[in-house]
Amino acid sequence: MKKTSVLYLLFCCICAPCFGQILVDPNYTVERLVNEVLVNSSCAETSNYRSSTGTNFGVNGIGYFESNGSKFPYREGIVISTGNAIDAMGPNIDIKTAGDEAWLGDNDLSAATGVSSLFNASYIEFDFVPKTNNISFNFLFASEEYSEAYQCTYSDVFAFILTDSSGISTNLALVPESEDRVSATSIRPGVPNTCEASNNKYFGGINGDGSAISMTGKTKSLVAESLVNPGETYTIKLVIADNLDTALDSAVFLDGGSFSIDVSLGENRTVRTGNPLCDGEIFEMDATASGAAHYRWFRDGARLHHFDDLPIVSVTEDGTYEVEVEFSATCVSEGRVEIEFIAPPQVAEPPIDLNVCDFESEGQGLVDLSENTPRIVGGQDSSIYRVYYYRSMEDAENFENVIGVPGRYLMSQPTETIYARISSGRSCHEIASFTINLRQLDFSSTLQEEYILCLDGEGSPIEPRPQMDTGLSLTDYSFTWYHNSISAGNLITNENQPFLIPSESGIYHVVAQNLLYNCEISLSTSVITSEPPTLFEVNILSDLFADNHSISIDVEGPSEYMFSLDGFTFSENNVFSNLNPGGHIAYVQDSNECSILSKKFFIVDYPRFFTPNGDGINDTWKIVSLFEIENPEIIIFDRYGVIQHQFNNEMGWDGTTRGNKAPSTDYWFSLTYDTKEGTRKVFKSHFTLKR
């Protein structure tokens, strides 16, 4: 291609540091951009070149670019922008927002996209006459609207508007395999907490500071393509505009030399593409082109001389077929298609009718239609042949409205006919039908949601273990039991009864199959274990001789526990207060009432009075639970300090002193004992003798 030396002199002088970013020259004419840059082929007859941009407002949005050694996907091409074309040059260090509202949009773009409120439109338009039946070219879209979260809501608009001689227009700038326009909203990476990604596989990335272009983000290289009629005059308009406002420029980059007028031989016909041909079929390839001098055909790279100069050929063998259509020594168009033939599929065994059991009396039920797949496929290669299920013969014939999840088909009528098609996608096929029946069952199970397995202190189950009973009859159902999940590896062998006695915790599943209708239901329950505590202690919280005696029952273990004192009601509270002196029993029980442990403890205290009158009640004074005290020494004396009695570990004082009855009055005592820390301690108090 021709280059202007002015371009190189300009950038050598003022942009020497820009190596690694594209260079843009806004001075090319539209005719030169079309013929020398975009098309660059003698096979295309172009004419009537037109363009528009913002030159009346001091902005030129159309230019030639070259990669300049950068990593930009295209070596050279055309840039069409909603701002200054030269602003597309990297690095990407600021946001470009050239143009104003006086620079209007484009009516054709609005009509083609259905988008109004357009500003700052730039376009290139020209006519061409294709000699063959297919055109295509490469492009990518870049925009400042990939900054922040604008991509979630806003996008500038562009289109490649192809108009035939009848005035019918089509937009070729579409997301692959869809009817969506290419834009910042239709191809984006997504923004956390704002919007999800959309067609992210076609997004080319967010550009960094060293980017080849000065745009925040871009798509990957895409292809615009359309079938055309050889010899017919077409117009194509490559147009872009800002939407809603004039801020945040966008640009479309066209790959230089990629505008190709080639031959379409039709879509590939392979197992991979889901539309192979079948043995016995004939595939016709039409390469008819206006003004063609010669046709050369190839199969897997080998020349097929017997097809020389034939525009239409028919084949019956696998292969990659190619054609060269020669118009002149400098104009040769090409076409290519992959063809694969397979043996026509057969229904190996007729499908069987299936029953759907309504276990819940809901008037509906789920059935696995794919139970018939192995019968239909038989020994045929499942990587080639699939079985598709339909509600009507017409849908099965037309390969339309397939039942998407045949493994969980919901039916809600007494009887339904299903049509099974075996084929390799849209290829030749066979169809077989079968009936599914909704069977109403009087079904009721006694299986509980949860069972408790009691364990002893060694972790072994305590008999009797719980019985997980479905309440169903062996006469009506067969049973298979599974532990944790329904899979072959979790099958519990030799368990085929309507009940199961578990030996460990987990989720248990039982599949009950109705013997009359051969349909099944799965039920599940959970088994949890309950064990006694591994640690059980009674801690006295109050001091000796306190006015309010309290204790806590402390446990450690894998279960939840309840507590009781002296056999009264169990509760979650493990602290007990206002205890009387003397012996008590602490109880702990797991919350599932599997086992009860007990422990005896004593509260040490002294009576505040005693009545030594021989009636057998309070006849002696003693310290209750004195044996809980280490090395006690007790001295009783009157208010004058005269010792009345002294004893160690005796039953108590009977109220006599040296054989004489002590008078009714208050007496004092001192208790000397060893603490847990090993020191001697003295406690003194008084009590009353009453006669």
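Here is a short chat about the disulfides and nonpolar cores of this predicted model.

Colleague: Why is the link between Cys 152 and Cys 195 called a disulfide?

Modeller: The two sulfur atoms sit 2.0 Å apart. The cut-off is within 2.5 Å, so the pair counts as a disulfide. The structure holds four disulfides.

Colleague: And why is the one between Cys 152 and Cys 195 called left-handed?

Modeller: Look at the torsion about its S-S bond: about -60°, so the disulfide is left-handed. As for where the ends lie, Cys 152 is in the loop between β6 and β7, and Cys 195 is in the loop between β8 and β9.

Colleague: What makes Cys 357 and Cys 519 a disulfide?

Modeller: Their sulfur atoms are 1.4 Å apart, and the limit is within 2.5 Å, so they pass. This link is left-handed, with -50° about the S-S bond. It joins strand β23, where Cys 357 lies, to the loop between β33 and β34, which holds Cys 519; the two are 162 residues apart.

Colleague: What makes you say that Cys 454 and Cys 594 tie together separate parts of the sequence?

Modeller: Cys 454 lies in strand β29 and Cys 594 in the loop between β39 and β40, so the pair ties together parts that are 140 residues apart in sequence. The sulfur atoms here are 1.7 Å apart. The torsion is about -70°, so this disulfide is left-handed. Both cysteines, Cys 454 and Cys 594, are buried.

Colleague: On to the cores. Which residues have the most contacts inside the largest nonpolar core?

Modeller: Those are Phe 160, Leu 254 and Phe 259, in a core of 42 residues. Helix α2 (residues 30-39) supplies the largest share, six residues.

Colleague: Which residues does Phe 259 touch, leaving aside its neighbours within four places in sequence?

Modeller: Its contacts include Leu 38 and Val 39, along with Phe 126, Phe 128 and Phe 137. Ile 135, Ser 136 and Ile 236 are in contact with Phe 259 as well.

Colleague: How many residues are in the second, separate core?

Modeller: That core has 22 residues, among them Leu 265, Ala 287, Tyr 295 and Phe 327.

Methods:
Residues numbered from 1 in each chain as written. Predicted model: local features only at pLDDT ≥ 70, side-chain atom pairs only at ≥ 80, totals over all residues. Heavy atoms only, no water. Core = buried A, V, L, I, M, F, W, Y, C linked by side-chain atoms within 4.5 Å. Buried < 20%, exposed > 50% of the residue type's maximum accessible area, 1.4 Å probe, protein only. Helix = DSSP H or I, 4+ residues; strand = E, 2+ residues; numbered from the N terminus. Contact = heavy atoms within 4.5 Å.
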